[in-house]
Amino acid sequence: MEDSDIHNLRKETLHQQYELVKRRTINDNSAYGSHVMQFAGIGISMDNLFTCLGTNPANDNFKFVNGNSLLPPTKAVNQRNADLAHFWDKYRKAPDVLVRKVEAQKQVMEAMSHRMHVDKGIQLIGKLLFGVERGPEVLNTVRPAGQPLVDDWKCLKKMTHCGSLAQYGMKHMRSLANICNAGIETEKMGEASAQACFNIPSGHWGSLGKGFSA
């Protein structure tokens with residue numbers, strides 16, 4: 001879709017788009033990229049994209065230059081950072097229209113605010129429960145191989161005090177499990193959370209109903 005948006009589909013062929021998208025997707029590194037494949041009869045690969053997708057008249061003057069678009073990213077994006085990368089790219093590419101630019105910037109700031117809230121909240125809860133020095137140690141403990149993440153799954157499911165973890169915050173699941181494994185009761189966790197998370201960010205990330213909560 002990115003390629004189609006910036007080329008004249010009356011002149012670009014299916015094969016040309018395939019080659020561009022393949023280079024972009026594989027990212028010159030099979031460990032991170034995907035293996036792009038062609039299916040069905042490749043005899044139609046020399047047909048113009050216009051026959052399959054139609055065209056946007058605004059693109060009729062665009063020229064196709066091999067390799068002039070869809071440059072591979074320098075490295076793969078961690079899945080936990082995918083939403084932030086998406087919002088930042090959306091902001092960067094937003095047209096210089098005040099309303100569109102401000103809305104894109106708002107999405108970036110909300111995502112960053114959510115991350116700071118989750119990170120600081122979990123860290124502070126650990127310090128309140130176990131002390132300034134021992135707190136980080138407990139949160140970062142890794143159990144020996146063969147042991148379950150948590151002994152009491154019911155305890156883990158009750159960690160619902162600081163808002164949605166969402167995709168990014170799932171990285172703290174081990175810390176929450178360690179709190180349960182340390183024998184912290186739900187009431188005590190609630191008290192610590194009330195002090196650490198007295199202000200949950202509003203907006204898209206504030207809902208307890210979006211993703212696993214802490």
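1. A residue counts as buried under 20% relative accessible area, as exposed over 50%, and as partly exposed in between (1.4 Å probe, protein chains only). On that scale, 32% of the chain's 214 residues are buried.

2. This is a predicted model: local features need pLDDT of at least 70, side-chain atom pairs count only at pLDDT 80 or more, and totals for chains, interfaces and linings use all residues. Residues are numbered from 1 along each chain as its sequence is written, and side-chain values use heavy atoms, with hydrogens and water left out.

3. The chain has ten helices and zero strands. Helices (H or I, at least four residues) and strands (E, at least two) are DSSP runs, numbered from the N terminus.

4. The chain exposes about 13,800 Å² (Shrake-Rupley method, 1.4 Å probe). Carbon and sulfur atoms supply 56% of that area.

5. Helix α5 (residues 98-130) packs against helix α9 (residues 173-181) at about 15°, with axes 11 Å apart. Axes are lines fitted to C-alpha atoms over the stretch in contact, and angles run from 0 to 180 degrees between N-to-C directions. The angle makes α5 roughly parallel to α9, the term for angles under 35 degrees.

6. Which residues of α5 and α9 make the contact? From α5 come Ile 122, Ile 125, Leu 129 and Phe 130. From α9 come Ser 175, Leu 176 and Ile 179. By class, six are nonpolar, one is polar and none is charged.

Conventions:
Parallel < 35°, antiparallel > 145°, perpendicular 65-115°, else oblique. Contact = heavy atoms within 4.5 Å. Nonpolar A, V, L, I, M, F, W, Y, C, P; charged D, E, K, R; others polar.
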